[in-house]
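The following note sets out numbered points for a colleague who is examining this model. Please read each point alongside the coordinates.

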Amino acid sequence: MTRIVVIDNHGQFTHLERRALRDLDVDVEILDNDTPPGDVDADGIVLSGGPDMDRIGNSPDYLDLDVPVFGICLGMQILAAELGGAVGSGDYGGYADVDVEILDDEDPLVGSLAPETRVWASHADEVKEVPEGFTRTATSDVCDVEAMSDTDRDLYGVQWHPEVAHTERGEEVFRNFVSICE
């Protein structure tokens, strides 16, 4: 059975990420972001959202574990900040429905979604520049980088929250990540 750990970066939806994966018959556990990287035994890692970069614990160290990583909101921003991209304040704070445009229909994480997909996202902070090796895979009128992927290293991120009911086809995003991990 595929085992995925959700790293808790103190976000309000972390438990919903675990539930979404559990509903897909995945062996899933939430781990505090202070867990030593050597204690993480998984086929994949989800870096949860959270309030700010000051509380990300060991999250940067999990990127070196040679398993697929899926960053959600703050989790995607961690990927960008740690790997040479840029993160900054968004023009829109708070949560809102956003229509994202999928830019790469071959992308293993978001490519199967409709060309226009309605999602629930916060844009208080956002990725301003993707790191080297990454491709921007979704965009919106609100945010230039709504999703990004580095398929060579199996590193993926979305600005939105696929785990909440307001997001269309969120379960599909998790199913795609499970397929990547298998």
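Predicted model: local features only at pLDDT ≥ 70, side-chain atom pairs only at ≥ 80, totals over all residues.

**Notes on the pockets, the listed sites and the helices**

1. The lining of the second largest pocket receives at least two residues from each of α1 and α4 (170-181). Helices (H or I, at least four residues) and strands (E, at least two) are DSSP runs, numbered from the N terminus. The volume of this pocket is about 160 Å³. Its lining consists of L16, R19, A20, D23, L24, P162, E163, V164, A165, G170, E171 and F174, which divide into seven nonpolar, one polar and four charged residues. Here Ala, Val, Leu, Ile, Met, Phe, Trp, Tyr, Cys and Pro count as nonpolar, Asp, Glu, Lys and Arg as charged, and the others, Gly among them, as polar.

2. Residues are numbered from 1 along each chain as its sequence is written, and side-chain values use heavy atoms, with hydrogens and water left out.

3. The largest pocket holds about 220 Å³ of space. A pocket, on a 1 Å grid over the protein atoms alone, is an open set of points where a 1.4 Å probe fits, with protein on both sides within 12 Å along at least five of seven lines; lining residues have an atom within 4 Å of a point. Grid points are joined across faces, edges and corners, and a volume is the space filled by probe spheres set on the points. Of the 20 lining residues, G50, P51, C73, Y95 and S122 lie nearest the centre. The lining comprises six nonpolar, ten polar and four charged residues, and α1 (14-22) and α3 (74-82) each contribute at least two residues to it.

4. Which residues does UniProt list under "active site"? The unreviewed entry gives C73, H161 and E163. These residues are spread over 91 residues of sequence yet cluster in space, with a largest C-alpha distance of 11.3 Å. C73, H161 and E163 are included in the lining of the largest pocket. UniProt positions are in the numbering used here, feature names are shortened, and annotations may be inferred rather than shown by experiment.

5. C73 is placed in the loop between β4 and α3, and its phi is near 55 degrees, a positive value in a residue other than glycine. With a relative accessible area of 8%, C73 is buried (under 20% relative accessible area; exposed is over 50% and partly exposed in between, with a 1.4 Å probe and protein chains only).

6. H161 lies in the loop between β11 and α4 and counts as buried at 3% relative accessibility. Apart from neighbours within four places in sequence, H161 is in contact (heavy atoms within 4.5 Å) with F13, I72, C73, Y95, W120 and T167. E163 is also found in the loop between β11 and α4, and is buried at 9%. Not counting residues up to four places away in sequence, E163 touches F13, L16, E17, I72 and F174.

7. How far apart are the end C-alpha atoms of α4? They are 17 Å apart, which agrees with the 16 Å that its twelve residues should span at 1.5 Å a residue; the expected span is 1.5 Å times one less than the number of residues. Nine of the twelve residues are buried, so α4 is largely enclosed by the rest of the structure. The elements covering its buried residues include β1 (3-8), α1, β3 (44-47), β4 (69-72) and β11 (155-158).

8. α3 is mostly covered, with seven of its nine residues buried: L74, G75, M76, Q77, I78, L79 and A80. Just after α3, G84 takes a positive phi of about 100 degrees.

9. D66, in the loop between α2 (59-62) and β4, has a phi near 60 degrees, a positive value in a residue other than glycine. D66 is exposed, at a relative accessible area of 76%.

10. For "domain: Glutamine amidotransferase", UniProt lists residues 5-178 in an unreviewed entry. The end C-alpha atoms of this span lie 11 Å apart, and the span is 18% helix and 32% strand.
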